[in-house]
Amino acid sequence: MEAVNPTDSASLLAAFGALGVLVVTFAESGLLVVGFFLPGDTLLFPAGVLCAGADGQPPRLVLWQVMLCAAAGAVAGAQVGYLIGRHGGRPLLTRTSSRRVKEGAERAERLLARYGYGKALVIGRFIPMLRSVLHPAAGALGVPLGTFTLWQTVGGVLWSQSLVLVGYALGSSVSHVDDYLLPLVGVIVVLSLIPLLVEAVRSRRARREDAAQGEHAADDHPGHAGDDHPGHAADDHPGTEGD
């Protein structure tokens, strides 16, 4: 038996099938550093493709099993991640030696502050790398348990089921889709990175606007220049002349 590569979706699916989907979505949804190195989008989409019988070949995975495992792993993993953050607190995120975790925690905090808990927890599910730190960050930042559970469940189900069903639909309708699987996974990766690029552009624009406002404020309140507050000149207050 060949060694299983945990970062390769094809290897995981070939070795473990739907159970691999459960384990990976669980770990990626809340186990911080571990989750950064595991496939998420690039596992669910091919899993959906393998659930479709095409070109006279029977399905290699069972659709309902993959969907159930994907949803269960996503929801349970996020809940465990929240508890880790809740009990570990901010030091868990700030004292880590991982630069990715620190940057992800800062991004998660900005997302929660900008969009509110519900919307941020749903949007964050579709952003790679942020998924693994968003839920522990929510616990560390004190997001109420009931609110977190509701919206992370909504986000987890939407994320996991949509990617599996998109893969299944393509596998059912496109002949020899396996030949295009690698390019399609690349497209999924690019699309999943778009929210990160949008966030980076917005952050850069906000910093530029803040800098511009600071410059305008400095122009509106200049320092005391010599020509605005001149000293007592000799011609304004002449001394007594000899004549």
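Buried means under 20% relative accessible area, exposed over 50%, and partly exposed in between, using a 1.4 Å probe and protein chains only.

## Basis

This is a predicted model, in which local features need pLDDT of at least 70, side-chain atom pairs count only at pLDDT 80 or more, and totals for chains, interfaces and linings use all residues. Residues are numbered from 1 along each chain as its sequence is written, and side-chain values use heavy atoms, with hydrogens and water left out.

## The loop between α7 and α8

Helices here are DSSP runs (H or I, at least four residues), numbered from the N terminus. F126 sits in the loop between α7 and α8. F126 is partly exposed, at a relative accessible area of 32%.

R125 lies in that loop too, between α7 (117-124) and α8 (131-140). R125 is buried but has no salt bridge. The nearest side chain of opposite charge is E28, 7.0 Å away. The R125 side chain does make a polar contact with the side chain of Q152, at 2.8 Å. A polar contact is a pair of N or O atoms within 3.5 Å; within protein, one must be able to donate a hydrogen and the other to accept it, and residues adjacent in sequence count only if both atoms are side-chain atoms.

## The salt bridge

The structure holds one salt bridge. The term means a side-chain nitrogen of Lys or Arg within 4 Å of a carboxyl oxygen of Asp or Glu. R131 pairs with E28, their closest N and O atoms 3.0 Å apart. R131 lies in helix α8 and E28 in helix α2 (residues 18-28), so the pair ties together parts 103 residues apart in sequence. Both R131 and E28 are buried.

Technical notes. Helices (H or I, at least four residues) and strands (E, at least two) are DSSP runs, numbered from the N terminus. Lys and Arg count as positive and Asp and Glu as negative; His and the chain ends are not counted.
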